[in-house]
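Please look through the sequence and the model shown here before reading on.

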Amino acid sequence: MRFLENEVDAFLRMQLLDLARALSGWEEMQLELSYLSSYNGKDKIMAVSQFWSYYPEQTKLMGMKTDVYLRSIGSAWFTDSKVIAAYLEWTKTLKRPQLARQWLAMCEEARLMTICTKHRPGTKNSFDMRKNVIGKHFSAKRDSHLNRKEAADALICGFAAAFNHGDNQELWIPEWLKPEHEDLIVELLDGLSTLEGTADVARKCRRVIELLEQYEPLEGDSRAQYFSLQLNSGTEDPLSWEYIGELKRKKKLHNHSVLPMDKKEEKAEQGERLPNWHRETEKQDESMLRFDIEQGSKTGLISDHVREADSGDQALGIVQGSSQAASRNEPEPPKPQPLERLDTGNAGKGDPYGQLNRKAVPVYRVAESPDTEAVVQYEEVLRDITPMVNKLKKTIRMTMEQKRVAPRSELLSGRLGKKLVRAAWEPLPRLFYKKNSPSIEVDAVFCLLVDCSASMYDKMEQTHRGIALFHESLRSLRVPHEIIGFWEDADAVTEKESPNIFHVVTDFAHSMTDHFVGPKLLQLQAEQDNRDGYSIRIASERLMKRSEKQKVLLVFSDGEPSASDYHEDGIVDTCEAVLQARRMGVEVVSVFLGSGLIKDTERETMRNIYGRFSVLVPDVTEITDQLGPLLRKLLLNQLK
């Protein structure tokens with residue numbers, strides 16, 4: 001079961017995901033909300049803690065970013081996963097394994113804070129805020145555990161509060177703890193920021209835990225979970241804490257085959273040979289003749305010495321940018337290939353519609369010829385919407401006529417008129433005119449995308465009326481449009497593909513000539529699942545093939561997307577699809593169909609996906625009253 005109250009803002013989630021990928025260097029990194037912050041280097045999954053969700057917006061944003069900093073800068077580069085695995089194996093032999101795991105996770109997190117501020121000084125303010133909030137939280141938790149006589153939890157919370165506040169007075173030391181053991185805990189607390197690596201942290205934590213294991217007054221293991229430590233919480237090749245350089249991962253080679261070395265005999269030197277060494281090129285690391293190979297085959301031909309230039313080299317091409325074309329027959333540089341589709345943040349190689357939609361397959365269905373009953377039923381719908389259609393048509397025609405006959409004299413620019421006398425007394429005379437512009441036609445194209453998921457079963461009848469209003473209005477104004485119902489066939493979903501049905505009621509070519517489009521749209525009924533992000537990308541591609549200036553995509557839906565392997569990240573993927581379509585020049589507008597009162601969570605979900613371009617219809621019976629002004633506004637904007 002999912003709760004909309006726990007859904008994160010789609011824009012915030014995309015921002016955190018982009019930040020995590022940029023800092024970690026993993027393009028395939030995925031981000032999720034969890035009870036605790038964690039990092040899985042094997043599966044490339046980063047979890048942001050929901051702890052910050054209940055704070056004010058600014059604190060929430062900075063807090064979640066610090067979780068990303070800790071995992072994408074710290075854990076992804078400097079935490080040794082092999083040490084973590086060995087420590088977790090050791091905790092299985094203890095009486096208090098959870099205390100031991102949380103203790104290492106807490107100390108490693110403290111060490112990573114220092115590393116993050118060292119490599120990214122701009123994160124210092126965010127971490128200062130984090131320490132202040134976290135310190136207050138653990139101070140309150142320490143007192144709460146002490147009241148309940150939970151010594152192990154109080155010991156962890158006191159240690160965390162002391163580190164975040166930078167005050168050893170926050171540390172809770174039991175009375176029965178020996179002085180030398182107390183000094184060991186204080187020593188660990190004071191030296192957290194100077195620990196060199198995960199192995200050093202694990203060694204000191206082991207000493208503390210081994211001593212605490214001897215004390216029976218702890219009365220069992222810790223009960224609350226404040227820190228997460230799991231397998232693969234790092235990298236197998238961690239960087240040293242002394243590392244100074246750019247945190248950037250090299251691109252993988254296409255293959256690892258080793259090419260054979262060329263064993264040809266060296267040619268005899270001809271003529272005079274000049275040495276290529278010079279004091280300015282003594283530091284060969286900066287030589288222009290050496291380049292990093294990022295793609296190709298793994299080979300042993302690369303050496304640490306400057307090689308002799310060859311006549312076919314393009315090594316110095318970067319200094320020939322302003323030179324003229326040579327008379328020699330040189331090959332022309334390859335022309336860039338046009339991009340067929342625009343990838344999104346989740347798209348990888350071979351996933352043009354996003355990683356979540358890699359299994360989605362489009363299946364197009366053409367509407368069948370309507371029977372007599374459908375024609376009679378549509379005539380009843382047509383009688384109800386005809387007054388609105390005529391009113392809308394009249395408004396658009398009057399606007400177009402006003403544009404055509406509007407006075408074009410007394411302007412500040414244009415052709416100079418004959419009435420020049422006013423220039424003598426007016427400070428800013430209007431002495432110019434322009435010829436009347438020709439009649440303006442509506443240069444627009446529309447696509448109506450209708451959600452046919454199972455949850456629309458009680459809204460389809462009224463939805464037909466809204467779609468009919470759009471169709472009749474656009475047809476009367478000679479505006480090309482298409483109507484497509486979409487859903488995913490859950491019964492046909494396999495491990496390899498997920499068929500997505502696109503029921504084409506009418507396309508652009510037949511929307512104004514086919515007189516049975518109205519009865520055909522009654523064939524749209526509630527079906528199964530809905531994969532909104534994928535459907536919006538398909539519809540946007542169809543619109544981009546049109547030459548009209550204004551391209552509008554209307555999405556009729558009753559809530560968030562839901563499909564196979566699409567539940568958790570469906571909102572983010574749909575939001576990415578909407579942003580992608582708008583970057584391409586398509587106006588995406590959502591029409592939310594409610595079932596009475598619209599909940600705040602539903603309103604927030606639609607805002608997360610479509611921003612402010614969303615029309616909320618609380619009662620589906622009012623759909624025609626809401627859609628008339630929307631269509632008039634879209635068409636009038638094009639005439640401005």
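This is a predicted model: local features need pLDDT of at least 70, side-chain atom pairs count only at pLDDT 80 or more; totals for chains, interfaces and linings use all residues.

Residues are numbered from 1 along each chain as its sequence is written, and side-chain values use heavy atoms, with hydrogens and water left out.

In soluble globular proteins, nonpolar side chains tend to be buried together. A nonpolar core here is a set of buried Ala, Val, Leu, Ile, Met, Phe, Trp, Tyr and Cys residues joined through side-chain atoms within 4.5 Å, where buried means under 20% relative accessible area, exposed over 50%, and partly exposed in between (1.4 Å probe, protein chains only). The largest such core has 75 residues, of which Y87, W103, F159, L192 and I209 touch the most other members. Its largest share, 12 residues, comes from helix 4; helices (H or I, at least four residues) and strands (E, at least two) are DSSP runs, numbered from the N terminus. A second, separate core of 44 residues includes V442, V450, V479 and V615.

A cavity is a set of points, on a 1 Å grid over the protein atoms alone, where a 1.4 Å probe fits but cannot get out, and lining residues have an atom within 4 Å of a point. The largest cavity holds about 140 Å³ of space, a volume being the space filled by probe spheres set on the points, which are joined across faces, edges and corners. Of its 15 lining residues, R71, S75, S228, L229 and S233 are the closest to its centre.

In helix 14 (residues 600–610), the buried residues are T605, M606, N608, I609 and Y610. Seen down the helix axis, these fall within an arc of 165°, so they line one face of helix 14, the arc being that of the directions from the axis to the C-beta atoms. Just after helix 14, G611 takes a positive phi of about 70°.

Positive phi also occurs at K44, which is not a glycine and has a value of about 55°. K44 lies in the loop between strand 2 and strand 3 (45–49) and, at 14% relative accessibility, counts as buried. K149, likewise not a glycine, has a positive phi near 60°, but K149 is exposed, with a relative accessible area of 70%.

Definitions and conventions
On a 1 Å grid over the protein atoms alone, a cavity is a set of points where a 1.4 Å probe fits but cannot get out, and a pocket is an open set with protein on both sides within 12 Å along at least five of seven lines; lining residues have an atom within 4 Å of a point.
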